[in-house]
Amino acid sequence: MPEFVLLLFVALLVLIVALFTVPFLRRNIVSNLALRVFRKLLPQISQTEQEALDAGTVWWEGELFSGKPNWGKLLAYPKPTLSTEEQAFLDGPVEQLCAMLDEWHITHERHDLPPDVWQFIRGNRFFALIIPKEYGGLGFSALAHSEVVMKISSRSNTAAVTVMVPNSLGPAELLLHYGTEEQKNHYLPRLANGTEIPCFALTGPEAGSDAGSIPDAGIVCRAEFNGQPDVLGIRINWEKRYITLGPVATLLGLAFRLYDPDGLLGGEKDIGITLALIPTNTPGIDIGRRHFPLNGVFQNGPNSGKDVFIPMDWIIGGQEKAGQGWRMLMNSLSVGRSISLPATSVGAAKLSAWSSGAYGRVRVQFRLPIGYFEGVEEALARIAGNTYMMDAARVMTAGAVDLGEEPSVISAIVKYHLTERSRQAINDAMDIHGGKGICLGPSNYLARTYQQTPVGITVEGANILTRNMIIFGQGAIRAHPFTLQEISAAWDQDRKRSLQAFDKALIGHVAFTLRNAFCSLIFGFSLRLIKEVPANAASETVNYYRQLTRFSASFALLTDVAMLKLGGTLKRRERLSARLGDVLSQLYLCSATLKRFEDDGRPAADLPFLHWSMQDALYRMQQALHEFLLNFPVSKVTRCLLRLMVFPRGMRCQPPPDTLSHQVARLILTPGEARDRLTMGIYLPADEDDPLALLGQAMVSAISCEPIEARLRQAVKDKTLTTHEDEQINQALAQGIISDREATLLAEMKALRHRVIMVDDFSPDLQQVGNPQGEIPA
């Protein structure tokens with residue numbers, strides 16, 4: 001009997017080994033069964049979803065999905081830099097433009113940019129940053145585009161949006177990639193020199209985030225056009241809203257669904273989403289009215305068209321591009337997400353860091369600069385740490401675009417996380433400034449940025465949608481090393497080829513999952529077992545590379561487990577996929593932060609920024625994994641097993657300690673290389689009477705007077721001085737406690753401090769802060 005049991009066990013073992021090692025058996029039994037199950041698990045994917053999945057390229061996010069990122073590859077990417085010409089543009093026209101901008105005058109009095117600013121923007125080709133030189137544009141890099149928008153946004157949100165939109169998703173971007181030569185040669189030079197002001201109309205009342213379901217329709221037909229009879233074209237009806245530059249645009253990019261009910265094009269009746277360029281003076285177009293998004297005064301408004309006839313050659317790319325609009329849009333959206341919105345977000349965060357650090361040193365309560373209070377230090381550290389990581393991600397992503405990448409998943413990551421961190425930074429800045437921040441007026445340098453922050457949260461894919469559906473949903477298919485291969489094999493109609501391809505991907509996937517399960521468990525026990533760190537990494541960063549490798553393995557493991565368990569329903573389990581997306585996002589942000597530190601030459605002064613941002617992100621990753629496991633719909637035994645593989649020694653990451661927050665806060669409270677590097681690229685006015693310039697002067701003066709004030713406080717404590725304020729200075733001078741020069745410095749400092757902390761007030765007949773007459777300027 002024992003011999004029989006042994007023989008049976010050996011036979012079963014041989015059978016199992018044969019099933020997985022003999023290709024013919026494995027393919028026709030194991031893989032064939034798995035393929036059938038996989039096809040049932042596959043979610044239904046619409047054409048627009050498929051085109052979104054196909055858009056863009058896979059870059060560093062592919063390494064993060066691998067469970068074993070090649071950190072040497074990351075650090076080998078060249079450091080993004082500006083050309084001499086690009087730097088000259090920033091130092092010249094951009095600096096000049098910023099000096100012309102008065103956001104209070106723009107938003108409160110004019111409700112628009114002044115005419116000379118409009119002319120300066122058009123005349124200096126600010127609308128042509130991305131247009132190649134052969135068409136009259138500037139032909140700048142993505143990094144230069146980002147730097148220009150960031151600097152302007154630190155001065156005026158109105159001007160920043162006005163500049164960034166024509167250089168993001170719009171006619172120029174679409175023409176460059178898809179336009180006919182005739183369209184490029186006609187429109188690009190006119191867009192470059194400002195003859196044409198463009199806008200792009202995609203969003204409508206019934207189609208916002210679900211832009212693929214736009215109801216606006218065009219019908220292929222024949223009609224008279226410009227005196228010519230029987231012209232083949234399209235008659236379109238549409239209603240759009242939220243269109244930036246729409247009220248002043250001369251050239252309208254339009255997305256609509258094209259139908260051919262009479263078969264005039266000889267193909268499908270429902271051709272699909274199509275894009276066209278239409279001059280706004282075309283009969284039937286109603287355009288020019290305005291929205292005021294949270295009282296923002298950048299030109300934004302609705303437009304509509306009724307029975308608007310256009311010839312077929314007004315389709316972007318000509319007739320052959322009819323029906324390809326959604327693919328064109330998905331491939332172009334990454335610019336707005338990866339360049340423009342991150343740039344405006346970082347501009348706001350850097351402004352928050354610079355001004356809050358200065359104000360925290362100037363404003364005094366209880367005889368102490370408010371920046372020295374631990375509660376304020378906490379907010380200052382959050383501003384600085386977020387800004388350091390945000391800027392790192394901005395630069396690295398722009399560098400990827402300049403390398404030829406179209407990073408659709410990464411663009412969603414930076415769009416969501418940089419706009420959210422910017423919101424946190426400006427909220428913290430407002431809290432630190434207190435009454436100074438909430439009173440509108442010419443001396444308030446924060447409030448308009450604070451008011452406009454939700455606009456960036458809303459556009460280019462609302463943040464709730466981006467986090468819950470796009471980041472992980474798109475990434476799990478595009479960046480995973482095997483999922484897309486398995487899906488492609490499952491959809492292949494050739495059964496033999498389908499099975500062979502699926503078998504190959506499945507075996508690779510199984511080995512991949514087992515490896516990540518092992519690595520997650522072992523690395524969780526000891527990070528020292530991780531050898532995949534850059535050979536030349538700074539000693540202060542080695543542990544961070546190991547932590548990220550460990551989390552990458554855990555993330556890859558849980559991704560596979562989630563897809564196996566939930567299949568096609570995973571895309572409806574948005575809160576679970578959002579948490580996995582958060583892990584992927586933090587892995588990317590940390591990667592950018594480590595690369596920034598290396599690219600900057602490992603400045604020792606920046607180490608507190610690096611440590612704070614990395615520790616904060618690692619803690620966030622840990623919490624996201626923890627919350628995923630808590631809510632993952634599996635048995636208690638399975639959940640415990642997964643938790644053992646992810647957290648074999650428990651949850652050991654901690655948020656940045658108070659001592660580190662103290663160091664970070666002191667860095668932005670003190671003029672120096674670290675503070676300058678953190679806020680580099682924002683506009684700092686030269687006019688001494690500008691509110692920001694006054695703040696800078698007051699900060700320097702307050703610091704220089706701190707030893708003198710300390711002497712006075714000690715004299716008061718010793719009861720040598722018995723008076724207050726100005727009389728105290730005179731008494732101290734008379735007693736020789738301070739010198740004449742020190743008395744002058746104290747008087748100047750107190751005057752500057754008073755000017756800085758004062759807020760604007762208005763006459764009682766002003767009924768509202770805004771245009772008191774309620775007039776909407778033309």
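Residues are numbered from 1 along each chain as its sequence is written. Because the model is predicted, local features need pLDDT of at least 70 and side-chain atom pairs count only at pLDDT 80 or more, while totals for chains, interfaces and linings use all residues, and side-chain values use heavy atoms, with hydrogens and water left out.

**The whole chain.** Begin by selecting the protein chain, which has 29 helices and 9 strands; these are DSSP runs numbered from the N terminus, with helices (H or I) of at least four residues and strands (E) of at least two. Its C-alpha trace spans about 110 × 90 × 45 Å along the principal axes. Of the 778 residues, 57% are buried, where buried means under 20% relative accessible area, exposed over 50%, and partly exposed in between, with a 1.4 Å probe and protein chains only.

**Helices H9 and H14.** Next select residues 142–153, helix H9, together with residues 374–402, helix H14, whose axes come within 7 Å and cross at roughly 145°; such axes are lines fitted to C-alpha atoms, for helices over the stretch in contact, and the angles run from 0 to 180 degrees between N-to-C directions. Show the side chains of Ala-142, Leu-143, Ser-146, Glu-147 and Met-150 in H9, which meet Asp-391, Arg-394, Val-395, Ala-398, Val-401 and Asp-402 in H14, a contact being heavy atoms within 4.5 Å.

**Helix H19.** Move on to residues 483–491, helix H19, where the buried residues are Thr-483, Glu-486, Ile-487, Ala-489 and Ala-490. They cover an arc of only 165° around the axis, which puts them on the same side of H19; the arc is that of the directions from the helix axis to the C-beta atoms.

**Gln-547 in helix H21.** Now select Gln-547, which lies in helix H21, residues 542–566. Is this residue buried or exposed? Gln-547 counts as buried because its relative accessibility is 11%. Leaving aside residues up to four places away in sequence, Gln-547 touches Leu-527, Leu-618 and Cys-653.

**Helix H25.** Finish at residues 658–668, helix H25, and colour its buried residues, Leu-660, Ser-661, Val-664, Ala-665 and Ile-668. They lie on the same side of H25, because the arc that they cover around the axis is only 135°. An α-helix has 3.6 residues a turn, so residues three or four places apart point the same way.
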